[in-house]
Amino acid sequence: MRFASILALSFALAPALAGGALAGETPAPEGAEVYFIAPEDGATVSSPVTVQFGLKGMGVAPAGIDKDHTGHHHLLVDTPMLEGEALDYSIPADENHVHFGGGQTETKIELEPGTHTLQLLLGDMNHIPHNPPVASEQITITVE
């Protein structure tokens with residue numbers, strides 16, 4: 001029984017120990033916004049697509065840098081916004097969740113012809129969304 005309690009506690013604390021802060025505890029300043037400079041919602045574009053990120057009310061800092069009121073961009077491609085408990089942990093790193101942990105504010109992405117959705121989500125130094133999350137509106141683009 002004692003081993004089971006220790007094991008359960010280990011799993012409960014793992015996100016905090018791995019990231020140095022409890023999940024989802026980095027506060028977002030009131031009024032902070034992340035948005036697309038380009039492309040515009042509804043745009044028809046060619047691949048590679050140039051995507052420019054905008055941020056208001058916060059600063060950009062690379063992953064791993066602990067500085068108040070900062071974060072770095074994550075681009076969600078053809079996937080819904082994270083919800084619920086998923087917001088308490090590091091944003092996944094895969095083809096649908098692209099990390100810009102170097103503090104980048106622009107990228108070029110290859111997309112197949114067709115309709116695609118894009119959304120920005122700011123992450124803290126540990127890639128965890130702020131509280132409350134700082135996310136853009138989801139936009140839809142068409143790649144020719």
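Me: What makes S1 and S3 a pair?
Reply: Two strands pair if DSSP finds at least two bridges between them. S1 and S3 have five bridges, in the antiparallel sense, so they count as a pair. In one of these bridges, Tyr35 has Gly54 in S3 as its partner. A strand here is a DSSP run (E) of at least two residues, numbered from the N terminus.

Me: What kind of model is this, and how are its residues numbered?
Reply: It is a predicted model, in which local features need pLDDT of at least 70, side-chain atom pairs count only at pLDDT 80 or more, and totals for chains, interfaces and linings use all residues. Residues are numbered from 1 along each chain as its sequence is written, and side-chain values use heavy atoms, with hydrogens and water left out.

Me: How do you know that S3 (residues 49-56) and S7 pair?
Reply: DSSP gives four bridges between them, in the antiparallel sense. Gln52 bridges to Glu106 in S7.

Me: Why is the sheet called open, and which strands stand at its edges?
Reply: The three strands run in the order S1-S3-S7, with antiparallel pairing. S1 (33-38) and S7 (106-109) stand at the edges, each with a single partner strand, so one side of each has no neighbour in the sheet. From one strand to the next, the twist averages 30 degrees. That angle is taken between N-to-C directions of axes fitted to C-alpha atoms, on a scale from 0 to 180 degrees.

Me: Why is His69 called partly exposed?
Reply: Buried means under 20% relative accessible area, exposed means over 50%, and partly exposed is in between (1.4 Å probe, protein chains only). His69 has 45%, so it is partly exposed. His69 lies in the loop between S4 (59-60) and S5 (70-77). Its phi is positive, about 60 degrees, although His69 is not a glycine.

Me: Where does His127 fall on that scale?
Reply: His127 has a relative accessible area of 22%, so it is partly exposed too. His127 is in the loop between S8 and S9. Here phi is about 70 degrees, again positive in a residue that is not a glycine.

Me: How do you know that Pro62 is partly exposed, and what does it touch?
Reply: Its relative accessibility is 34%, so Pro62 counts as partly exposed. Pro62 sits in the loop between S4 and S5. Contact means heavy atoms within 4.5 Å. Leaving out residues up to four places away in sequence, Pro62 touches His72, Gly101, Gly102 and Gly103.

Me: Which peptide bonds into proline are cis?
Reply: Ser47 to Pro48 is cis, with omega near 5 degrees. Pro48 is in the loop between S2 (44-45) and S3. Asn131 to Pro132 is cis as well, with omega near 0 degrees. Pro132 is in the loop between S8 (114-123) and S9 (139-143).

Me: What makes a space a pocket, and how much space lies in the largest pocket?
Reply: On a 1 Å grid over the protein atoms alone, a pocket is an open set of points with protein on both sides within 12 Å along at least five of seven lines. The largest pocket holds about 220 Å³. Its lining has 13 residues, and the closest to its centre are Thr26, Asp66, Lys67, Asp68 and Asp124. A lining residue has an atom within 4 Å of a point.

How values were computed: 1 Å grid on protein atoms, 1.4 Å probe; cavity = no way out; pocket = protein on both sides within 12 Å on 5 of 7 lines; lining within 4 Å. Points joined across faces, edges and corners; volume = space filled by probe spheres on them.
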